Amino acid sequence: MQFYEKLIFLLNLTQTTNRMLAQELQVDPSLISRFRTGSRRLPRNREHIKSMSSYFARRCTTEYQRQALSQMLGIRQAFTMKKEPLSEILYYWLCGDSNEVGRFMQTFESLAIESRPEHSSVHPESLNAENVVYYGTDGKRAASRAFYQHLLTQEKPCDLYILSEEADNWISEDSDFLQHLQEWGLCLLDRGFKIYQIAPPATPVDLAFDSLARWLPLYMTGRVTSYFYPRMRDNLHRRTLIVVPGHIAMTSNSVARGGSNITTVVTTDQRLTQAYAAQFQDYLDLCRPMHNIYTDTDSLLQCLTQFLSQNGARIQRVNSLSAETSPPELVSYCIDQIHHPGLEQLGYLYLHELDPIRENREFCEFIDIACLASAQDVRDGKVPIILSCSIGSQPLYYTVDTYVLHLKHILHTLETCENYHFVPLDIKAQSEGLLMVKDGYKALLAKLSPPPHCQQQASMQISNSVHPPDGISLTMFEISQPAIVQLCQEHLFRLADQIGYTGAHRVQIISRIKQKIRELQT
């Protein structure tokens, strides 16, 4: 669909006139008319599209409107229930960009895990019968609740095995249940349970990233071990299996696209639960680790060292100038200023292994998508040095001299290495964290955040202050599943292609960096 067709659909769905939308956007109604007829194409001013998206999201309140949006956009109706997520989905739809990776990165960056009281409406309760059967999607949700209630009666924490390959509309169609499901999982982890998960297939894409986003709060605790099956799965049969060996199991089977004709069985038969646990282990033996979470200095260093030392093409997106392009003088400056043993180790990696890194660039492409700060932000000390954030300490900020030093080093690399590409972003996007992808290897997502207990207060301080609060922590989320890694890579390639970085674009970027250097030096 063209932009004007999407706009007509939304205008008709919400019974909005040209004048009403023009008033919302504070533009002349004739502009909306030109958009509607197709004489004006997609607005260059993306703020107009954001305002449109927000307006239409607020106007879609009836069951009919939500159902129509769900069918038109190809999303679950649950995603039309809340205004902010719907506004974001409409924005990408109007822009013609189905950005599953971008939305997941925003979820990752904005995630805050705080202390959680147990859900007051759920009380410990054992099953009254050895085997109980539930029917349909409502029954499956009831089975999950009964399963959780039974686990609350356990005096000691247990291992929990989870396999879910079925369509997840039984979860997503009820937004309250989705929230409760996350709360239940976090509560069990707080009680000492360990969760072992076999992740669903990576196709279709929206389902894969929906699952990642849903599980993310649990993953970030570092107490969930997830795996993926590396080969093609049966495209017909689907299964859900949740089991605590020797205690309780919940299972259902269905046919792909089989709708709501499902039955779910919850059993406390010890022999049966042991048999289900053995089946899960047999499946697990065929799987590979899917992700890792790194938060402490040693593990962060190990993760970064392994990632950087592997040969291969790379593409990344960062919110400042990248650490890999730091000149040796800037590395030494950071080490001298912070006096952190972890940063010294990382600095040693950059200073003493620069030759292998340079050699790798001679054979493998490195696309560096980075925010190019304004001269005023640099002068005001608002631009962080990414290298100083690598071990989770309070970051250092560029001075004019150090920023110019870094730009000159990037300029030299561009002029001497054809395989290095610098792709400048004008606006520092706070909504997405750092994303690094090595071709055929792994994807790394990183976020810099205060500890969970002070995240809300810290976010207010960051927005009003040059320097963040004490206690800054770095979290690295490493993804190993090849299909997800490839999707992350394609997301970055699309971003780089939209901006342009080869041919005439490369010449323009070099001129732009030189201009930025002159602007800072005047």
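A cavity is a set of points, on a 1 Å grid over the protein atoms alone, where a 1.4 Å probe fits but cannot get out. Grid points are joined across faces, edges and corners, and a volume is the space filled by probe spheres set on the points.

The model is predicted: local features need pLDDT of at least 70, side-chain atom pairs count only at pLDDT 80 or more, and totals for chains, interfaces and linings use all residues. Residues are numbered from 1 along each chain as its sequence is written, and side-chain values use heavy atoms, with hydrogens and water left out.

**First stop: the cavity**

By this rule, one cavity of 30 Å³ or more is counted. The largest cavity has a volume of about 50 Å³. To find the largest cavity, select its lining residues (those with an atom within 4 Å of a point): A199, P200, P201, A202, A208, S211, L212, M290, Q481 and I484. Helix α11 (residues 205–219) supplies the largest share of this lining, three residues. Helices are DSSP runs of H or I with at least four residues, numbered from the N terminus. The lining holds eight nonpolar, two polar and no charged residues. Here Ala, Val, Leu, Ile, Met, Phe, Trp, Tyr, Cys and Pro count as nonpolar, Asp, Glu, Lys and Arg as charged, and the others, Gly among them, as polar.

**Second stop: α1 and α5**

Select helix α1 (residues 3–13) and helix α5 (residues 63–73), whose axes come within 11 Å and cross at roughly 165°. The axes are lines fitted to C-alpha atoms over the stretch in contact, and angles run from 0 to 180 degrees between N-to-C directions. The angle makes α1 roughly antiparallel to α5 (over 145 degrees; under 35 counts as roughly parallel). Display F9, L10 and L13 of α1, which meet Y64, Q65, A68, L69 and M72 of α5 (contact means heavy atoms within 4.5 Å). By class, this contact has seven nonpolar, one polar and no charged residues.

Next, select helix α8 (residues 136–151) and helix α10 (residues 175–190), which pack at an angle of about 20° with their axes 11 Å apart. The two helices, α8 and α10, are therefore roughly parallel to each other. On α8, the contact is made by R141, S144, R145, Y148 and L151, and on α10 by F177, W184, C187 and L188. This contact of α8 with α10 has six nonpolar, one polar and two charged residues.

**Last stop: α19 and α22**

Finally, select helix α19 (residues 400–416) and helix α22 (residues 504–521); their axes come within 10 Å and cross at roughly 160°. That makes α19 roughly antiparallel to α22. The contact of α19 with α22 has 12 nonpolar, one polar and five charged residues.

Notes
Angles under 35 degrees count as roughly parallel, over 145 as roughly antiparallel, 65 to 115 as roughly perpendicular and the rest as oblique. On a 1 Å grid over the protein atoms alone, a cavity is a set of points where a 1.4 Å probe fits but cannot get out, and a pocket is an open set with protein on both sides within 12 Å along at least five of seven lines; lining residues have an atom within 4 Å of a point.
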